[in-house]
Amino acid sequence: MRTLLIAGNWKMNLLRSSAVELAQALANRFAQPPEGIELLVCPPFPYLIPVHEVIAGSAVQLGAQTSYFEPPGAFTGEVANEMLVDVGCRYVIQGHSERRHVLGESDTVVNRKVRASLQRGLRVILCVGERLEERQAGQTEQVLDRQLETGLREIDAAAAGNVVVAYEPVWAIGTGVVATEQQAQSAHAHIRNWLASRYNPEFARAARILYGGSVKPQNAEGLLAQPDVDGALVGGASLKADSFCGIVDAAVRARASAG
Ligand code: PGA
């Protein structure tokens, strides 16, 4: 059975005291990982170090929300993968829809970022997902295929083993409109089939595919019980210890019922 990953994407939220307080609450609760579940928080850059200090030694791992594809150098305002590794990051999110649609990152830029992060030894959460108008036009699978094809260009199976794909329909992010369990399962199954043909069936069976978009403690169990949903990338509900823990509890129940 695949290990579930429950990841909190804090986005551009919290200040140092609230970030440290939240991280401390999670570290206290998860000194050990729940069986078969991996936990991750992705704070804003300035809080990576203080958050790392309080989660060190707990089951909660550290990730960043993006990074630049160049090694350290003259790139004002950017953060290099080397720096993320240096401050204790295990993971980095790339291709989040806000980076694509608000900050203008193309599929090609996302691919350069994914490759650079993998080369520096980080695990990558590669986000893909269609916009509402694309879903309504019946283009969901085409959009996913394009984002996967370019996002994973020139990445072989050995490197891609450190990629977790996150299916995040743009219309479900921060809107309170969650994908139905069937919509999520069908997109995830499509992504897994795509991975099987791009790499191989064994690779696809081992690959983890997260769902993201308005995941809450109330809807998490049903989503996580879907056969191809291997975890959640959580925005809003990751900003409070209670709701993040509620989602982890739902993951524990979903795993238990999957036997
Ligand atoms: P949300 O965000 O849970 O607030 O919808 C998810 C994400 O953007 O990763």
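**Entry 1: Ser 197.** I began with Ser 197 and its cover. The model is a predicted one, and in it Ser 197 has a relative accessible area of 60%. The cut-off for exposed is over 50%, so Ser 197 counts as exposed. I then looked up where it sits: Ser 197 belongs to helix α9, which covers residues 181-198.

**Entry 2: Asn 219.** Next I checked a residue in another helix. Asn 219 is part of helix α11, residues 217-224. Is Asn 219 buried or exposed? I found a relative accessibility of 18%, and because buried means under 20%, Asn 219 goes down as buried. A polar atom of its side chain lies 2.9 Å from the backbone oxygen of Ser 214. That sent me on to Ser 214.

**Entry 3: Ser 214.** I found Ser 214 in the loop between β7 (209-212) and α11. Its relative accessible area is 10%, so I noted Ser 214 as buried.

**Entry 4: the ligand.** How many residues surround the ligand? I get 13, and the closest are Lys 11, His 96, Glu 168, Gly 174 and Ser 214. By class, the shell has seven polar, four nonpolar and two charged residues. I looked up two further contacts to ligand oxygen atoms. Lys 11 brings a polar side-chain atom to 2.7 Å from a ligand oxygen. Gly 235 has a polar backbone atom 2.8 Å from an oxygen atom of the ligand. Taken alone, the ligand exposes 280 Å², and the protein buries 97% of that.

**Entry 5: Leu 14.** I made a note of another positive phi here. Leu 14 has one of about 75°, although it is not a glycine. Its place is the loop between β1 (4-9) and α1 (16-29). With a relative accessible area of 24%, Leu 14 is partly exposed.

**Entry 6: the barrel.** Now for the strands. Which order do they follow? Eight strands form a closed barrel running β1-β2-β3-β4-β5-β6-β7-β8, with parallel pairing. Neighbouring strands of this sheet are turned by 30° against each other on average, direction ignored.

I went through some of the pairs in detail:

- β2 (residues 37-42) and β3 run parallel and are joined by three bridges; Leu 40 has Gln 61 as its bridge partner in β3.
- β4 (residues 91-94) pairs with β5 in the parallel sense over four bridges, with Gln 94 standing opposite Leu 126 in β5.
- β5 (residues 123-128) and β6 (residues 163-167) run parallel with five bridges between them. Ile 125 has Val 164 as its bridge partner in β6, and Cys 127 stands opposite Ala 166 in β6.

**Entry 7: cover on the strands.** I then asked how many residues of β3 (residues 60-64) are buried. The count is five of five. Both faces are covered: Val 60, Leu 62 and Ala 64 are buried on one side, and Gln 61 and Gly 63 on the other. For β5, the count is five buried residues of six, so I noted this strand as mostly covered.

**Entry 8: two loops.** Pro 44 is in the loop between β2 and α2 (48-55). Its relative accessible area is 12%, so Pro 44 is buried. Its C-alpha atom is separated by 18 Å from that of Ala 25, 19 residues apart along the chain. Gln 65 is in the loop between β3 and α3 (81-86). Which backbone oxygen lies 2.9 Å from a polar atom of the side chain of Gln 65? It belongs to Cys 42. The side chain of Gln 65 also reaches the backbone oxygen of Pro 43, at 3.5 Å.

Notes:
Residues numbered from 1 in each chain as written. Predicted model: local features only at pLDDT ≥ 70, side-chain atom pairs only at ≥ 80, totals over all residues. Heavy atoms only, no water. Near = heavy atom within 4 Å. Polar contact = N/O pair within 3.5 Å; in protein donor to acceptor, adjacent residues only side chain to side chain. Areas by Shrake-Rupley, 256 points an atom, 1.4 Å probe, with all protein chains shown as cover. Nonpolar A, V, L, I, M, F, W, Y, C, P; charged D, E, K, R; others polar. Buried < 20%, exposed > 50% of the residue type's maximum accessible area, 1.4 Å probe, protein only. Pairing = 2+ DSSP bridges. Axes fitted to C-alpha atoms, helices over the stretch in contact; angles between N-to-C directions.
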